[in-house]
Amino acid sequence: MKLQAAIDRVSLDKALDLVAKFDGVVDIIELGTSIIKDYGMETLKAQNLKLSNATLLLDIKTNDEGVYEFKKGYAVPADILTVMASSSNETIKQVYELSEAQGKTTFIDLLGVTNDRVAELKHLENAIFGLHHSKDTGGNFDAVATVADFHQAFPEIKHVAVAGGIDLDQAHKLAEQGIAEVAIVGGKISGADDPVASAKQFMEAIK
C-alpha cells in the first residue's frame, strides 16, 4: 500500500517546503486543489518541481477542457492528475488516452457519483479510482467499510485510492485489508506540528 500526503490551504512557500520534506518519505505527494486555485499551474511549473523519490499528483479536479488542463498539469511536471467522474464520457476518455500516451496516470475522483456511473468507467483499467468523502458533508467516514463495499461491487477495479479523515488506525486497517492501493492523508500529516514525523508514523502504519 502507498501513502499519499495531501498539501492544502497553505502558502506557496509552505507547500514547497513540505514537498521537499516529504520527498523520500511518502510515496505520493499531492498538491491539493486549493494550491492549484490559489497559485496556478504556471506558477507551480516555474518552481522546477523535480522529485527524487516520490510521485507528484496535482488535484486539478478537471470537469471540462480535459486535454488542455492535463497537458498543463503534466508540464508542471505532474505524474498523476485528477478528473471528476461526473465529467462527460468524452472528457474522461480524452484525458485517459492522453495519460496513457504520455506514460502518466489518470486519477478518477468518484466524489458524488453512483455505482451506475462507476460501472460506465470501470473499463479504464490503468486509472486510479478515488473513493472520496467530501469534507463539506462532515460526519464520520469508515474508509475500511467503504473500500470493502466498493471492492464487492467492482472486484475488477485494481487501482483504488481512498481519502477522508484517515487516521493511523484506519491506515493500518486499510493496509491489512489489502484492497486499496493508496491511502490519502491530508491534515493529519501536513497540518501536524511535525509533518515529517507524522508522515513516518503513517508509513509505519501501512507496512
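User: What makes a stretch count as a helix or a strand here?

Analyst: Helices are DSSP runs of H or I with at least four residues, strands are E runs of at least two, and both are numbered from the N terminus. Counted that way, the protein has ten helices and eight strands. Keep in mind that this is a predicted model, where local features need pLDDT of at least 70, side-chain atom pairs count only at pLDDT 80 or more, and totals for chains, interfaces and linings use all residues. Residues are numbered from 1 along each chain as its sequence is written, and side-chain values use heavy atoms, leaving out hydrogens and water.

User: Which residues of helix 7 are buried?

Analyst: Buried means under 20% relative accessible area and exposed means over 50%, with partly exposed in between (1.4 Å probe, protein chains only). Ala143, Val144, Val147 and Phe150 in helix 7 (residues 143-153) are buried.

User: How do you know that they sit on the same side of helix 7?

Analyst: The arc uses the directions from the helix axis to the C-beta atoms. Theirs is only 130 degrees, which puts them on the same side of helix 7. Over on the other side, Asp149 and Gln152 are exposed.

User: What do the buried residues of helix 7 pack against?

Analyst: With contact meaning heavy atoms within 4.5 Å, they pack against helix 6 (115-121), strand 6 (128-132), strand 7 (160-163) and helix 8 (168-177). Across the protein, buried residues make up 47% of the 207.
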